[in-house]
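Work through the exercises below with the sequence and the model open. Each task is followed by a solution in steps.

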Amino acid sequence: MRLMRVGEPGHESPVLAAPNGHYYDLSPLTADIDGAFLNRLLDDPSLVPAVPAQLPETEIHGRRIGAPIARPSAVLCVGQNYAAHAAESGAEPPEQPILFYKSPNTVVGPYDDVLIPRGSLRTDWEVELAVVIGRRASYLASPEEALAHVAGYAVTNDVSERSFQLDVSGGQWSKGKSCATFNPLGPVLVTADEVGDPQGLRLRSWVNGEPRQDSKTSDMIFSVARIVHHLSQYLVLEPGDLINTGTPEGVALSGRFPYLGAGDVMEMDISGLGRQRSELRPA
């Protein structure tokens, strides 16, 4: 199923996007698309009626589309998870997943503006597959059991300010990752059962209509299953947590493209998960 949140920031309502092109209000079932609801849904998929018409129909035209999950307790990010991107960053492919964090308040809707931070010199785009946790994961025994803890997947843009990330970071990346609005997410959360194999998806990005990235999740160094299993050995993944799984080559950091400026438009697309569009403006 495809889950959405619709409404102004802080006042989003949960919505089911049905295959028939109609939208249904999930408010009778949950106040929000949050960790508690995703945990219940993963344990009991019949929580949402198989016949959507049993829910009140709603209209989303002209309304803001929010991020498809409520603010997560953690946004965990895997760096340099595509060999070609590691190379364009001037690094060797990592032997272990690189983990960094973004502030959870970076998560915004898929069509919201992205703010170029004050003092920015090198604001960059990164299309990525987002993994949303649906079941608490700690010390998982193997990658094979990891996917049973995933509620669903979405399009995410790990926006980065490279000067903040690399030049004044002190060795940590989060300064360049946690600026306001730096994580557009959505438009939908597609449940894991509908996506199937997360390693068979095509990721693409554009800036001002010009192609930038075009790759497949099969090119990941560390698969979704390996990432979830690996992280569970070091921290506790909670329902509703967001994992950004890394970006393929084709970012401005490569030197092949200019960095972003006010008025530029980023578009991100993953097969089966939809497309987002964000315009850049000054903070």
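Predicted model: local features only at pLDDT ≥ 70, side-chain atom pairs only at ≥ 80, totals over all residues.

**Exercise 1: the faces of α1**

Task: state which residues of helix α1 are buried and which on the other side are exposed.

Solution. 
- Step 1. The helix α1 spans residues 35-43, and its buried residues are G35, F37, L38 and L41.
- Step 2. Viewed down the axis of α1, the buried residues fall within an arc of 160°, so they line one face of the helix.
- Step 3. The general rule is that an α-helix has 3.6 residues a turn, so residues three or four places apart point the same way.
- Step 4. A36 and D43, on the other side of α1, are exposed.
- Step 5. The cover over the buried residues of α1 includes β1, β11 (127-133), β12 (150-157) and β15 (189-191).

**Exercise 2: an open sheet**

Task: give the strand order of the open sheet of 5 strands and name its edge strands.

Solution. 
- Step 1. The order is β9-β20-β19-β16-β17, and the pairing is mixed.
- Step 2. The edge strands are β9 (114-116) and β17 (210-216), since each pairs on one side only.
- Step 3. Neighbouring strands of this sheet are turned by 20° against each other on average, direction ignored.
- Step 4. Strand β19 (residues 265-270) and strand β20 (residues 274-282) run antiparallel and are joined by 6 bridges.

**Exercise 3: salt bridges**

Task: the structure holds 21 salt bridges; work out which parts of the chain are linked by E12 with R64 and by R162 with E126, and the burial of R212 and E210.

Solution. 
- Step 1. E12 forms a salt bridge with R64, with the closest N and O atoms 3.0 Å apart. E12 is in the loop between β1 and β2, and R64 is in the loop between β4 (57-58) and β5 (65-66), so the pair ties together parts 52 residues apart in sequence. Both E12 and R64 are buried.
- Step 2. For R162 and E126, the closest N and O atoms of the salt bridge are 2.7 Å apart. R162 belongs to helix α3 (residues 162-167), while E126 lies in the loop between β10 (123-124) and β11, 36 residues apart. R162 and E126 are both buried.
- Step 3. R212 forms a salt bridge with E210, the closest N and O atoms being 3.5 Å apart. R212 has a relative accessible area of 13% and is therefore buried, the limit being under 20%. E210, at 45% relative accessibility, counts as partly exposed.
- Step 4. Through shared partners, salt bridges join K102, D124, E126, D158, R162 and K177 into one network.

Methods. Residues numbered from 1 in each chain as written. Heavy atoms only, no water. Buried < 20%, exposed > 50% of the residue type's maximum accessible area, 1.4 Å probe, protein only. Helix = DSSP H or I, 4+ residues; strand = E, 2+ residues; numbered from the N terminus. Arc of directions from axis to C-beta. Contact = heavy atoms within 4.5 Å. Pairing = 2+ DSSP bridges. Axes fitted to C-alpha atoms, helices over the stretch in contact; angles between N-to-C directions. Salt bridge = Lys/Arg side-chain N within 4 Å of Asp/Glu carboxyl O.
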